[in-house]
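Look through the model below with its sequence alongside.

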Amino acid sequence: MPEPIKRGQRYMPGLDGLRAIAVLAVIAYHLGFGWAPGGLLGVGVFFTLSGYLITDLLLAQVARRGGIKLGQFWLARARRLLPALFLMLIVVVAWVTLFGPRQPPEFRDAVAAAALYFSNWWLIFEQVSYFADFGPASPLNHLWSLAVEEQFYIVWPLLLLLGMRFIHEMPLPSGIRPRLAGVTAGLALASAIAMAVLYEPSLDPSRVYYGTDTRACELLVGAALAMVWPSRRLKANVTPGARRLMDGLGVAGLLAIGLMVWRVGEFDSFLYRGGFLLLALATALVVAALAHPACRLGPILGWGALRWIGVRSYGIYLWHFPIIALTTPAGERGESLLRDGLQLAAIFAVAALSWRYVEEPVRHGALGRLWKRARAGELHPRAMPQYGWAAAGGALAVVLVAGAGMAGVGQGKASDFASLSGESRSFTVNARSLSPVALAAARLGAATSSCDVVIHIGDSTSDGLTSSNYLPDPEQRIDAQYARAGASVQHFEISGARSIVETYEGQPNAYDIAQAWKIDGYRGCWVLALGTNDSANAFVAPETDATDRIERMMSGIGDEEPVLWVNVRSLEDTGPYANENMRLWNRALFEACSHHPNMRIFNWAATVKDNWFIEDGIHFTTPGYAARSKTIADALTEAFPATGEPSPSCVVN
């Protein structure tokens, strides 16, 4: 929150310090720092702070003028937000066009959605996960939060006017509007309830994380605070006891925010069942203290370095994720202190340049002055210095490259990209398209499996096995590895959020897929890379436990054809995806194996290394997927060798 341009508006430096804390938490989360699993909550802090400041500003207009000048308000928001956003979009599109990593065809739609502040709903409609990336992370996914805020800026003044018209009350002498605040708090509670109702613990929570309807809670808590705590009416002459109380509540709020950043992960059910509301209330306590001129917490958080970061927090937030995403190899996030340090330096440097040469000049009317000079004929080409021509030429080149990128230059094919969307990917690979190296290895007499035909049914933990972005070397992908094991025909049924019983976004579950293949006359081997979602679903809905799910799947396949199950592991300690639930699943697999002579288990849980997991503790890095691809094929050979009987042991390593 930079110092106001207009006279008569209070500047509250402590709020800039709070902005700094919030944006640093978000950066820590995106860098994968283990001490900040809840760093994404910094966005919620921004929401509540924005709700307070915008509502406080609008109510101040009502108090001074008797109404809100909507056009003036929206123009001020556009002048503050759009220039820096458009600059970032142009540079990012130009960068990926020239240097990569290649983006999917939908990237152009993402750019358009960002420019129109529709990113959050576009991500929902496209079923793009915020929490798990396959292939290069999109450098624009973080713009969902700016979309939520801008939608609030557009709609909230209108709702506020309606509220003041139909909710009859006279503001108290202190400026407090208790009835309006009560209705606003009720809307915030309704938003929190909507999040809790829509949240499905066994599914990726991105829908409720992105939604304007489910995230309005934090904004509305800030708005309600502004109705009972107007900054223009707060006076410094309070009793020492009142000052201590406000400081104490502010510190308590800060501690609550810090504790949640430190201990609450993005998959914790608590977060979506009241956690965001609790975060908003904690932030409201901090904002109330920082907004009051008598509190001592404000000058502390308004300390120079924090204030510097807070003033530039918009640019820092805009640029941090593109810089991290475009300079971090896929699957290697958070593994290099040197890279993290260089990324941080780049983030602050670029944001500082954006503030000095774009945001601050535009805030003070640079575009208007430029337009007036152009209309007056004062911008003659001869008057431009030589360095100005060089800068203009460079800017034009960047714009042209970005235009080429928006036209499709440098983008990859849709089939090259995998995601956690629930979209099912079904495809068949035959000998004509298999790796020549793998086929040659099989012909030279390398150990092979008796499975010359394989169907692989998997969830999102199989997505990276077929991805050219995670595994750019085709010899490392699962089709080449199955070919090495002797499978000349391979069928793949892979879908995010897949389980044996539940369906997701209309996609078939694993049992239905098996039934469809059996009806179609399939005869061959089965590889089932399932269980991660089933373990979580069984935790949430214990009426269908692991044993029931495994038996259901085996009944669909039958006891005649070879079946290799890949067991599961996670790094999660709590919640549906906790590793303890994975252990229960693995135990049930082992017990089922004694009843099904055609069944074997690949012990992936004992094979996988901790550093093969990405930060969600469920999915894998590039080295992890390379190892998973090879070891699954090796396990198929060991379980069902081309010569001799199947492995005498239920478990193969």
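Q151 lies in helix α6; helices here are DSSP runs of H or I with at least four residues, strands are E runs of at least two, and both are numbered from the N terminus. This is a predicted model, in which local features need pLDDT of at least 70, side-chain atom pairs count only at pLDDT 80 or more, and totals for chains, interfaces and linings use all residues. Residues are numbered from 1 along each chain as its sequence is written, and side-chain values use heavy atoms, with hydrogens and water left out.

Is Q151 buried or exposed? Q151 is buried, with a relative accessible area of 16%. Buried means under 20% relative accessible area, exposed means over 50%, and partly exposed lies in between (1.4 Å probe, protein chains only). Leaving aside neighbours within four places in sequence, Q151 is in contact with Y117, F118, N120, W121 and T212. Contact means heavy atoms within 4.5 Å.

Now take the helix itself. The axes of α6 (residues 144-166) and α3 (residues 70-99) come within 11 Å and cross at roughly 165 degrees. Axes are lines fitted to C-alpha atoms, for helices over the stretch in contact, and angles run from 0 to 180 degrees between N-to-C directions. The two helices, α3 and α6, are therefore roughly antiparallel, a label for angles over 145 degrees. On the α3 side, L70, F73, W74, R77 and L81 meet E150, Y153, I154, P157, L158 and L161 of α6. The residues of this contact divide into 9 nonpolar, no polar and 2 charged. Nonpolar covers Ala, Val, Leu, Ile, Met, Phe, Trp, Tyr, Cys and Pro; charged covers Asp, Glu, Lys and Arg; the others, Gly among them, are polar.

The buried residues of α13 (residues 304-311) pack against α1, α3, α12 (297-301), α14 (313-327) and α15 (337-363). Those buried residues are L306, I309, G310 and V311. From α1 (residues 13-30) comes A20, which is buried at a relative accessible area of 0%. A20 touches L306, I309 and G310, not counting residues up to four places away in sequence. The C-alpha atoms of A20 and L306 are separated by 5.6 Å, though the two are 286 residues apart along the chain.

Step back to the whole protein. It has 25 helices and 7 strands. Of its 653 residues, 54% are buried. Among contacts with a separation of 6 or more, 79% join residues 24 or more positions apart.

Methods: Angles under 35 degrees count as roughly parallel, over 145 as roughly antiparallel, 65 to 115 as roughly perpendicular and the rest as oblique.
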